[in-house]
Amino acid sequence: MFENLCTLPLSAELFSQALHPTEPLLGVGLATGHVQCFRLPATDKPAEEDPDLSVLSDGKSHIDTVWRTRRHKGSCRSLVFSHDGSSLYSAGTDALLKHFSPATGQVISKIAIPTPRKSTPDAPTLLSPLSPQTILLACDSGALHILDLRDGALAGSKPQQTHIPHNDFVSSLTPLPPSTESTSGFSKQWVSTGGTTLAVTDLRRGVLVRSDDQEDELLCSTYIDGMGPKKNRDNGVIAVGTGSGVLTLWDRGSWDDQFDRVIVDSARGGGESLDCIVKIPDDVGRGKKVAIGLGDGSLRIVDLTTREVAGSYRHDDLEAVVGIGFDCQGRMISGGGHTVKIWDESAELGATSDDEDSDDDDSDDDGDDSDTSEAAPDKNAGKRPANKDSGSDDSDSDDGERKRKKKRRKGKGGKAELGPLGAHGILKFKGLD
């Protein structure tokens, strides 16, 4: 379903990544406190060019560094663009939240992150824009702070409101779609995970509900529309990744407990943790699917309609995937360790792993060609499925011919003539049977 177009090396371990909503811009926050912005190549190509040839894999495009700066004295914990992409926000372990321009990286304003105790700074975990006037900040203490962004700057360190949905650090934030009666069009209710519980918080009224203890760490979440019960398909569900490799599904409005589970990674004692998740756009995934980053550096595509894993890929051999998303061009961006990888829809969506295996078995040259095309797809890649089908037909006819020959031998009625050692390596002499 996806092919890796390129790998972008980073100068330090990745802690957070952010994608611009309308431009091919990628922001990364690193363990050293650096924040860096890259411009990815656009996918627009002239009509006469081969549609199966990606911009990145043709060897003629490159990724530009727009700017790079040391934004925080500690690590950069979270990075996020505003709704319209005009601003970029970062939060670090130096207890500072900074607002700056995504075009130049120049700081516009900054504030100190609120702390429950003066002696112990409350490190940030997540940032999420609420509206052009407010931003939501989640912290290690389990607190959610609503900060004022009036006049395009951070007004002060005192939050407008503070809610505490969890007793542990907040691991994920997911907005619920606004109601049809909403005048602003922005989400007022947010689903959060922290520790072993899920909570729903109304930013005006406070924490509405907390789930039962799930006895498993809840790490990531995303909203999937159109998957409610039969009587209310538009209700939607929340998909939540756990620390044991299981994806749990929660019906909107029934927050006490999960209603279904999908085993994404199974192993004795529990599978790898599901660290990050994103809904695959409908025009890319062709169905209700999510992409998940795991603790072992792998990526999984899960079809929520069939409740099955539809694909598996490798981001890194050792480091966990900490960020995953889709840019404005529909490309999947995964980040973890010291690398960011860019993935695009494969030119051979109809091909299966069985077809690839049969090609590898045909000859060593075919295997080498397939490896080469992965790094730089051939312009004739679109014709491969036809060749594969013809090859498979030939092999099927050969197999059928062999079977027919065997049947003829059996039809003669006599036993096959064996060598001097017989069928089992025992000496055989004529006339002594």
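## A strand pair

In this predicted model, strand S18 and strand S19 (residues 237-242) form an antiparallel pair with six bridges. One of the residues involved is Ser221, whose bridge partner in S19 is Val240.

Strand S18 spans residues 218-224, and seven of its seven residues are buried, so the strand is largely enclosed by the rest of the structure. Buried here means a relative accessible area under 20%.

## The chain as a whole

The protein chain contains four helices and 28 strands. It has 433 residues, of which 47% are buried. Its accessible surface is about 22,500 Å², and carbon and sulfur atoms account for 47% of that surface.

Contacts were also sorted by separation along the sequence. Taking contacts between residues at least 6 apart in sequence, 49% connect residues at least 24 apart.

His20 sits in the loop that runs between strand S2 (14-19) and strand S3 (25-30).

Two polar contacts involve the side chain of His20. One is with the backbone nitrogen of Glu23, at 3.0 Å. In the other, a polar atom of the His20 side chain lies 3.0 Å from the backbone oxygen of Gly85.

Leaving aside residues up to four places away in sequence, His20 touches Leu25, Phe81, Asp84, Gly85 and Cys328.

In soluble globular proteins, nonpolar side chains tend to be buried together. The largest nonpolar core in this model has 16 residues, and the members that touch the most other members are Leu247, Ile277, Val290, Ile292, Val302 and Leu304. Two or more residues of this core come from each of S18, S19, strand S20 (246-251), strand S22 (274-279) and strand S23 (289-294). S23 gives the largest share, three residues.

Definitions and conventions
Residues numbered from 1 in each chain as written. Predicted model: local features only at pLDDT ≥ 70, side-chain atom pairs only at ≥ 80, totals over all residues. Heavy atoms only, no water. Buried < 20%, exposed > 50% of the residue type's maximum accessible area, 1.4 Å probe, protein only. Pairing = 2+ DSSP bridges. Contact = heavy atoms within 4.5 Å. Areas by Shrake-Rupley, 256 points an atom, 1.4 Å probe, with all protein chains shown as cover. Polar contact = N/O pair within 3.5 Å; in protein donor to acceptor, adjacent residues only side chain to side chain. Core = buried A, V, L, I, M, F, W, Y, C linked by side-chain atoms within 4.5 Å.
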